[in-house]
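The sequence and structure come first.

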Amino acid sequence: MRLRHAIRPLARPLAALGLLAAASGAGAAGEPIYPSGSRFGFEPPSDMALSRRFAGFERKEGGATVSVVELPPSAYADLEKNFTDENLKSQGFVVEKREPIKVGGADALLFTGEQPPEGATGGPAIRKWLLLVGDSTVTGLVIAQALPGAETEETMRGLVTNVTIRPALTLDQQVDALPFRITDPAGFRPVRVLAGNSVLLTQGPKDQMSNLEQPILVLAQAVQPPPTAEQRDGFARAALYANQTMKDFVIERSQSYRQNGVDWHEIVARATDLPSNQPVVVSQTIRFAPDGYLRAVGVVREDQREGTLAKFREVVDSVQVK
């Protein structure tokens, strides 16, 4: 695992798959609150709420955030080795103190420090806390930051170190926690939930597929300012070309349209799947909203496209945002 990929949330809120996670949930007083689909629960102060932009919490008035990244249990040893003061400093985090602690029965390392201002007039230093948790079933990376005066050191440290780890959620529980609901799966079924805001579906009996034996469809919601109407075609094409598992895109159709009072953009393209070198057809549909968008990407082998593209669209049309 590259250190830069793990540390990127120190500079910005968490992003996953190029799409920002949406979070939801609530807990009674004194009980941990879990970001959508997350195994890591927190007891935030009253002026912090679940973020709709990333997996974590942010201060309602701004100035303080805490985000969590979940990784496989094997990632802990690699991150522990690579989280040297020098490496963290190269990522903009100057470590003042590191200390081993326990989170439940799990080993953890807490790093405390700051992100210095950029340039001579870059503003105040940002206080930062990074907690690396090594549970036997999951690795957690908790990143908190606060501007001067936004939250006390005691509050932020307590928020990070009092994290609770719950058992792994079932696939149904993860799907239920998504920020959208699929009302007509059209023969597709969920295989995996990603980052709390995305789901991978397939049509067929296999969960592990090689050579694209079965069609796959990924749905993901992003909460961020959508592009303007004039920018949408370029935005959609750039999103399609950013897929690093395919090459040699040839667009068959690219169009914006309005349906049921909602703005959409759809691309159908041919491409080559890199892992299998199979010719494939890609269907990308983006549904725009005032505060974000829902993106669906379906991939099917070219010799299986007949009828499948319509099924992709049937699923996408059935999605209801919560």
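## Sheet

β15 and β16 form an antiparallel pair over 11 bridges; strands are DSSP runs (E, at least two residues; helices are H or I, at least four), numbered from the N terminus, and two strands pair if DSSP finds at least two bridges between them. Opposite Ala271 stands Val280 in β16. The model is predicted: local features need pLDDT of at least 70, side-chain atom pairs count only at pLDDT 80 or more, and totals for chains, interfaces and linings use all residues. Residues are numbered from 1 along each chain as its sequence is written, and side-chain values use heavy atoms, with hydrogens and water left out.

Seven strands make an open sheet with antiparallel pairing, in the order β11-β12-β13-β17-β16-β15-β14. β11 and β14 (246-259) are at the edges with a single partner strand each, so one side of each has no neighbour in the sheet. From one strand to the next, the twist averages 15° (axes are lines fitted to C-alpha atoms, for helices over the stretch in contact; angles run from 0 to 180 degrees between N-to-C directions).

## Hairpin and helix

β11 (189-194) and β12 (198-202) pair over five bridges, and Leu194 has Ser198 as its bridge partner. Three residues separate the strands of this hairpin, where Ala195 takes a positive phi near 60°.

Helix α7 (308-317) lies across β13, β14, β15, β16 and β17, at about 160° to β17; contact means heavy atoms within 4.5 Å.

## Pocket lining

By class, the lining of the second largest pocket has 10 nonpolar, six polar and four charged residues (nonpolar: Ala, Val, Leu, Ile, Met, Phe, Trp, Tyr, Cys and Pro; charged: Asp, Glu, Lys and Arg; polar: the others, Gly among them). β13, β15, β16, β17 and β18 (319-321) each supply at least two of the lining residues.
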